[in-house]
Amino acid sequence: MLLIFLPWPDVLKLSCCFHLFNSCVRLLRLPSPRNAAAMVFEKQIVVDGRGHLLGRLASIVAKQIQAGQHIVVVRCEQMNISGSLYRNKLKYLAFLRKRTNTNPKRGPIHFRAPSRILWRVVRGMLPHKTFRGAECLKRLKVFEGCPPPYDKVKKMVVPAALKVVRLKPGRKYCTLGRLSHEVGWKYQEVVQTLEEKRKVKNAAYYKQKKTALKLRAQAVKNVANTDVVKKANETLNKLGY
């Protein structure tokens with residue numbers, strides 16, 4: 001075991017330097033070597049909100065946008081909240097009664113749209129009154145439905161926030177879209193209509209894509225049996241390819 005002995009003044013200097021370094025790291029939020037591999041970002045992650053629990057998804061999103069990741073959440077109206085609709089509606093109606101007595105326009109602002117409810121939950125998990133927190137919120141986009149261009153982008157799920165994974169079978173839950181509709185959101189039917197049109201359009205595109213892939217696979221199979229391709233493959237095999 002190696003023991004290092006330092007004079008007391010040097011120990012004080014070392015301690016001061018150590019605390020100063022820690023303060024700088026906290027201010028700059030530099031990644032530690034242990035987490036350096038995790039600090040690899042994609043350009044943008046599109047998350048499908050359907051079937052996710054509101055609070056669990058919000059906490060994961062808040063952590064990621066603080067790390068610097070850009071995140072888009074679509075189909076917020078199909079997110080879930082644990083607890084019955086009756087219970088959650090009572091809680092939200094109690095929240096609606098909270099206001100500034102002298103001038104209600106000063107806040108708090110009560111959002112009714114599902115996307116804005118999610119945005120407000122994420123905001124509560126961030127230091128949003130600081131410059132750093134405001135910049136974090138700029139990395140988050142939230143939408144009802146799945147508007148362009150995100151309807152043609154691969155969407156991800158967060159297994160740690162899924163209702164089927166996190167909520168015990170038989171427990172009560174409600175849908176964020178229905179809760180929003182019952183407390184004043186006016187666009188539930190509009191979003192449903194647009195989503196039905198999008199699903200029909202996407203189904204036709206997928207059917208056409210499957211047909212094209214099938215034809216391509218058949219064409220590759222037909223070409224592979226020709227003499228020219230066989231000779232070319234033999235030559236490539238001899239050369240080590």
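Gly177 is found in helix H7, where helices (DSSP runs of H or I, at least four residues) and strands (runs of E, at least two) are numbered from the N terminus. At 4% relative accessibility, Gly177 counts as buried; buried means under 20% relative accessible area, exposed over 50%, and partly exposed in between, with a 1.4 Å probe and protein chains only. The structure is a predicted model, in which local features need pLDDT of at least 70 and side-chain atom pairs count only at pLDDT 80 or more, while totals for chains, interfaces and linings use all residues. Residues are numbered from 1 along each chain as its sequence is written, and side-chain values use heavy atoms, with hydrogens and water left out.

Gly177 and Glu77 are separated by 100 residues in sequence, yet their C-alpha atoms are 4.1 Å apart in space. Leaving aside residues up to four places away in sequence, Gly177 touches Glu77, Pro114, Trp185 and Gln188, a contact being heavy atoms within 4.5 Å. Helix H7 also holds His181. His181 counts as partly exposed, because its relative accessibility is 39%. Between His181 and Glu77 there are 104 residues in sequence and 9.6 Å in space, C-alpha to C-alpha.

The chain as a whole contains nine helices and five strands. Along the sequence, these follow the pattern α-β-α-β-β-α-α-α-β-α-β-α-α-α. Of its 241 residues, 26% count as buried. Among contacts with a separation of 6 or more, 79% are between residues 24 or more positions apart.

The largest nonpolar core has 30 residues, and those that touch the most other members are Leu57, Ile65, Val73, Leu118, Val122 and Leu140. Such a core is a set of buried Ala, Val, Leu, Ile, Met, Phe, Trp, Tyr and Cys residues joined through side-chain atoms within 4.5 Å. At least two residues of this core come from each of H2, strand E2 (71-74), helix H3 (85-96), H4, H5, E4 and helix H7 (176-182). H2 supplies the largest share, six residues. Apart from this core lies another, of five residues, among them Val46, Val72, Val74 and Tyr150.

Leu118, one of the core residues named above, touches Leu54, Ala58, Val73, Cys76, Met79 and Val142, not counting residues up to four places away in sequence. In H4, the buried residues are Pro114, Ser115, Ile117, Leu118, Trp119 and Val122. They pack against H2, E2, H3, H5, E4 and H7.

In helix H5 (residues 131-138), Gly133, Cys136 and Leu137 are buried. These residues lie on the same side of H5, because they cover an arc of only 95° around the axis; the arc is that of the directions from the helix axis to the C-beta atoms. Phe131 and Lys138 are exposed, on the face of H5 turned away from its buried side. The packing partners of the buried residues of H5 are helix H2 (54-67), helix H4 (114-123) and strand E4 (140-142).

Some backbone features lie in loops. Gly107 and Pro108 are joined by a cis peptide bond, with omega about -5°, and Pro108 lies in the loop between H3 and H4. A cis peptide bond also joins Pro148 and Pro149, with omega about 0°; Pro149 is in the loop between E4 and helix H6 (163-166). Arg75 is not a glycine, but has a positive phi of about 55°. Arg75 is placed in the loop between E2 and strand E3 (80-82), and counts as buried at 13% relative accessibility.

The second largest pocket holds about 470 Å³ of space. Its lining has 18 residues, of which Cys146, Asp151, Lys152, Arg198 and Asn202 are the closest to the centre of the pocket. A pocket is, on a 1 Å grid over the protein atoms alone, an open set of points where a 1.4 Å probe fits, with protein on both sides within 12 Å along at least five of seven lines; lining residues have an atom within 4 Å of a point. Grid points are joined across faces, edges and corners, and the volume is the space filled by probe spheres set on the points. The lining divides into seven nonpolar, two polar and nine charged residues. Here Ala, Val, Leu, Ile, Met, Phe, Trp, Tyr, Cys and Pro count as nonpolar, Asp, Glu, Lys and Arg as charged, and the others, Gly among them, as polar.
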